[in-house]
Amino acid sequence: MHTPAGTRATAIDNGLLAILAVAAGLTVANNYYNQAMLGLLAHQFALSAGAVSALPVVTQLGNVVGILFLAPLGDRLERRSLILATTAALVVALAGAALAPSFPWLVVAGIGIGLFATVTQQIVPLALHLAAPHERGRVLGIVTGGILVGILLARTVSGFISDIWGWQAVFSAAAALMLATCAALAWRLPRVEPVTDLSYGRLLGSLWTLLRTHRILRQAIVVQALIFAAFIGFWSTLALAFDAAPYHFGATAVGLMALVGVAGALAAPLAGRFADRRGPHVIVSIGAGLVVAAFAILGLFEGSLAAMIVAVLILDLGVQSSQVANQARIHALDPTARSRLNTIFMATMILGGAFGSGLAGLAYSAWGWSGTCLFGAVSAAAALLVSRRP
């Protein structure tokens with residue numbers, strides 16, 4: 001029997017919420033391990049900055065495909081079984097990356113990693129489904145905070161491990177972490193029955209119907225795609241900038257810089273609570289404005305590590321706040337379609353990140369760090385303009 005629309009299968013206690021937040025962070029991290037090691041990969045495989053940037057691009061594109069074609073199944077299939085099966089497939093893809101003998105092999109494995117790391121986007125709607133209506137902003141903030149911490153610490157872990165033991169060790173460790181995550185989820189996740197009996201074809205077709213029906217959804221996805229393009233553009237080129245003059249830093253430096261951004265993730269529960277009480281629209285515009293300010297600082301004080309630290313704090317705070325607020329807006333639209341609403345939101349956001357990674361890489365190749373800053377500022381400014389439309 002299906003769970004009635006908008007009701008909870010079981011209560012979400014703090015222990016389960018913590019497991020979901022950690023699992024979301026660990027699974028999404030797999031999309032970003034490769035960014036801190038781009039300098040190492042460029043040297044090992046004798047590739048240019050533009051060529052080696054193909055790895056994060058295809059990983060993000062694989063993630064978009066997985067979000068579009070796997071994540072909607074959360075509304076149609078029993079969620080626990082779907083999450084466990086996707087996590088197991090992710091372990092296989094990570095093992096393939098660890099064993100990659102060449103860069104093309106690594107690119108293929110990267111596509112698989114992106115495809116199955118979409119288990120993160122199965123966890124988010126599950127957490128919202130289990131949460132009481134009055135606490136959905138708080139729950140979303142905690143789980144989304146785990147996701148941003150995972151994205152940021154992925155670079156710290158990857159930079160540290162790859163500098164000491166090589167890039168293959170990063171993927172081996174990630175595969176082991178996913179095995180442990182799968183075991184924890186199998187132990188603690190409740191069964192959650194489907195909320196719809198639509199066929200797979202009609203399920204996918206309903207994505208367009210939802211997009212056409214809800215103006216708020218259209219606005220939210222454009223804003224977040226532009227913000228995430230700026231965010232990923234920054235992080236995907238930082239390793240290249242640190243590898244060059246005047247820095248000549250290793251991959252560990254990228255990881256240490258990512259640690260600074262974790263402080264921004266701490267704002268996620270606060271943003272979620274504020275969205276519960278005051279409404280999310282104002283938070284979206286504030287977040288976009290903070291991202292513009294961050295890139296202005298990066299561009300005006302190029303070469304200053306102190307300015308970069310301040311900018312990273314502001315950047316991650318802005319990205320996190322806007323994402324929590326935008327997701328709170330869209331998940332309130334239709335309680336029977338949360339997986340599909342999340343699919344539309346995350347697919348466009350990750351697609352924005354993929355294009356951001358590629359365009360920022362091209363901008364960096366053409367104009368150096370100034371090109372990255374200009375791209376990020378323009379993308380975030382466009383998001384701010386769209387967010388302020390009534």
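## Cavity criteria

A cavity is defined on a 1 Å grid over the protein atoms alone, as a set of points where a 1.4 Å probe fits but cannot get out, and its lining residues have an atom within 4 Å of a point. Grid points are joined across faces, edges and corners, and a volume is the space filled by probe spheres set on the points. Rolling a probe the size of a water molecule over the atoms shows where empty space is left.

The structure is a predicted model, in which local features need pLDDT of at least 70 and side-chain atom pairs count only at pLDDT 80 or more, while totals for chains, interfaces and linings use all residues. Residues are numbered from 1 along each chain as its sequence is written, and side-chain values use heavy atoms, with hydrogens and water left out.

## The largest cavity

The model contains three cavities of 30 Å³ or more. In the largest cavity there is about 110 Å³ of space. Its lining comprises 20 residues, of which Val28, Ile147, Ile151, Met346 and Met349 are the closest to the centre. By class, the lining of the largest cavity holds 12 nonpolar residues, eight polar and no charged; here Ala, Val, Leu, Ile, Met, Phe, Trp, Tyr, Cys and Pro count as nonpolar, Asp, Glu, Lys and Arg as charged, and the others, Gly among them, as polar.

Two or more residues of this lining come from each of helix 8 (120–130), helix 9 (136–165), helix 12 (215–243), helix 16 (305–331) and helix 17 (338–367). Helices (H or I, at least four residues) are DSSP runs, numbered from the N terminus. With four residues, helix 9 gives the most to the lining of the largest cavity. Domain 1 (12–197) and domain 2 (204–389) each provide at least three residues of that lining, the domain bounds coming from an automatic or database domain assignment.

## The second largest cavity

The second largest cavity has a volume of about 40 Å³. Asn30, Asn34, Leu55, Thr59, Ala97, Leu106, Ala109, Gly110, Ile113 and Phe171 form its lining, which divides into six nonpolar residues, four polar and no charged.

At least two lining residues of the second largest cavity are supplied by each of helix 4 (54–69) and helix 7 (103–116). The largest share, four residues, comes from helix 7.

Asparagine 30, one of the lining residues of the second largest cavity, is found in the loop between helix 1 (14–29) and helix 2 (38–45). Asparagine 30 is buried (under 20% relative accessible area, with exposed meaning over 50% and partly exposed in between; 1.4 Å probe, protein chains only), because its relative accessibility is 2%. The C-alpha atom of asparagine 30 is separated by 8.6 Å from that of glycine 150, although the two residues are 120 residues apart along the chain.

## Side-chain contacts to backbone oxygens

Threonine 87 has its place in helix 6 (residues 79–98) and is buried, because its relative accessible area is 0%. A polar atom of the threonine 87 side chain lies 2.8 Å from the backbone oxygen of isoleucine 83.

Serine 236 is located in helix 12. Its relative accessible area is 1%, so serine 236 counts as buried. The distance from the backbone oxygen of glycine 233 to a polar atom of the side chain of serine 236 is 3.4 Å.

## Glycine and proline positions

Glycine 358 lies in helix 17 and is partly exposed, because its relative accessible area is 22%.

Proline 104 and alanine 241 are 24 Å apart in space, C-alpha to C-alpha, and 137 residues apart in sequence. Proline 280 lies in the loop between helix 14 (268–278) and helix 15 (281–300) and is buried, with a relative accessible area of 19%. The C-alpha atoms of proline 280 and serine 321 are separated by 9.3 Å, the two residues being 41 residues apart along the chain.

## Cysteines

A disulfide is a covalent bond between the sulfur atoms of two cysteines. With the criterion of a pair of cysteine sulfur atoms within 2.5 Å, the count comes to zero disulfides. Cysteine 182 is buried at a relative accessible area of 19%, and cysteine 373 counts as buried at 5% relative accessibility.

Methods:
On a 1 Å grid over the protein atoms alone, a cavity is a set of points where a 1.4 Å probe fits but cannot get out, and a pocket is an open set with protein on both sides within 12 Å along at least five of seven lines; lining residues have an atom within 4 Å of a point. A polar contact is a pair of N or O atoms within 3.5 Å; within protein, one must be able to donate a hydrogen and the other to accept it, and residues adjacent in sequence count only if both atoms are side-chain atoms.
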